[in-house]
Amino acid sequence: MSEYYKMKIAGLERELEKFPINDHLDIAAFIIFGDVELTVKGCEELLKKMPDFDVILTPEAKSIPIAYEMSRQSGKPYVVARKGLKVYMRNPLDVCLTSITTKNEQHLYLGETEVNEIKGKKVLILDDVISTGESLDGVRTLVKKAGGIEVAACAFLAEGDAAERDDIIYLEKLPLFFK
């Protein structure tokens, strides 16, 4: 039988299913895929908190619908840092990282086309959830390598201790569930 955590995000109530990370910790999984209502409303609320920016950069994959909608609402383009190297990515930039929801080491890549979209621009880093900050650090490294200027890092949710950070903007706090 599944357990859920009920919360409000951008004024909308949602139930997030809990999943074990290990014997001592569960997380409430925030899956934005398919939730168009929350994507639209959450982006409206998050954009109200943003400084001026030229381009959105998000890591693959759960935050892509958020990046799309923020792009649509703001009129600014978005770029996706890919988790796999593609044949069409010339002269790729690469960073290596680990995150709370990924068991193995992972890489994020930007191809030359994406680098050109970021170089010299004010970059808004976007994710669905910021937790340990590992993914955020990886994306920040890509922004620097690409010659972009980070103006803010944001997410719908700040999980656990991330909610105490002063270098991110978010809509709601998401607790960790210790056993």
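**View 1. The open antiparallel sheet of four strands.** In this predicted model, 4 strands form an open sheet in the order β1-β2-β3-β11, and their pairing is antiparallel; strands, like helices, are DSSP runs numbered from the N terminus, a strand (E) having at least two residues and a helix (H or I) at least four. Two strands are said to pair if DSSP finds at least two bridges between them. The edge strands are β1 and β11 (177-178), each of which pairs on one side only. Because this is a predicted model, local features need pLDDT of at least 70 and side-chain atom pairs count only at pLDDT 80 or more, while totals for chains, interfaces and linings use all residues. Residues are numbered from 1 along each chain as its sequence is written, and side-chain values use heavy atoms, with hydrogens and water left out.

View 2. Strand β1 (residues 4-9) and strand β2 (residues 12-22) pair in the antiparallel sense over 6 bridges, and Ile 9 stands opposite Leu 12 in β2. The two strands form a hairpin with 2 residues between them, and Ala 10 in the turn has a positive phi of about 55 degrees. On to the next strand, β2 and β3 pair in the antiparallel sense over 4 bridges, with Phe 19 opposite Ile 27 in β3. Helix α1 packs on this sheet, touching β1 and β2, and its direction makes about 100 degrees with that of β2; contact here means heavy atoms within 4.5 Å, and such angles run from 0 to 180 degrees between N-to-C directions of axes, which are lines fitted to C-alpha atoms, for helices over the stretch in contact.

**View 3. The open parallel sheet of five strands.** A further open sheet has 5 strands in the order β5-β4-β8-β9-β10, with parallel pairing. Strands β5 and β10 (169-174) stand at the edges, each with a single partner strand, so one side of each is left without a neighbour in the sheet. From one strand to the next, the twist averages 25 degrees. Within the sheet, β9 and β10 pair in the parallel sense over 5 bridges, and Ala 155 stands opposite Tyr 170 in β10.

View 4. Helix α1 lies across β8 (122-130), β9 and β10, running at about 130 degrees to β9. Helix α4 (residues 134-146) also packs on the sheet, touching β4 (55-59), β5, β8 and β9, and its direction makes about 165 degrees with that of β8. The 13 residues of α4 reach 19 Å from the first C-alpha to the last, close to the 18 Å expected at 1.5 Å a residue, where the expected span is 1.5 Å times one less than the number of residues. Among the residues of α4 that are buried are Leu 136, Val 139, Leu 142 and Val 143; buried means under 20% relative accessible area, exposed over 50%, and partly exposed in between, for a 1.4 Å probe and protein chains only. Just after α4, Gly 147 takes a positive phi of about 80 degrees.

**View 5. Aromatic pairs.** A search of the whole structure finds 3 aromatic pairs, where rings of Phe, Tyr and Trp (its six-membered ring) pair if their centres lie within 6.5 Å, and planes under 30 degrees apart count as stacked, over 60 as edge-to-face and the rest as tilted. One of them, the pair of Phe 30 and Phe 156, is tilted, at 6.1 Å centre to centre with 40 degrees between the planes. Phe 30 lies in the loop between β3 (25-28) and α1 (36-48) and Phe 156 in strand β9 (residues 149-159), so the pair ties together parts that are 126 residues apart in sequence. Phe 30 is buried at a relative accessible area of 3%, and Phe 156 is buried at 0%. Tyr 68 and Tyr 78 form an edge-to-face pair, 6.5 Å centre to centre with 90 degrees between the planes. Tyr 68 counts as partly exposed at 46% relative accessibility, and Tyr 78 counts as partly exposed at 30%.

View 6. Thr 39 has its place in helix α1 and is buried, with a relative accessible area of 7%. Not counting residues up to four places away in sequence, Thr 39 touches Ile 32, Pro 65, Ile 66, Glu 69 and Phe 156. Asn 91, found in the loop between β5 and β6 (93-99), is exposed, with a relative accessible area of 59%.
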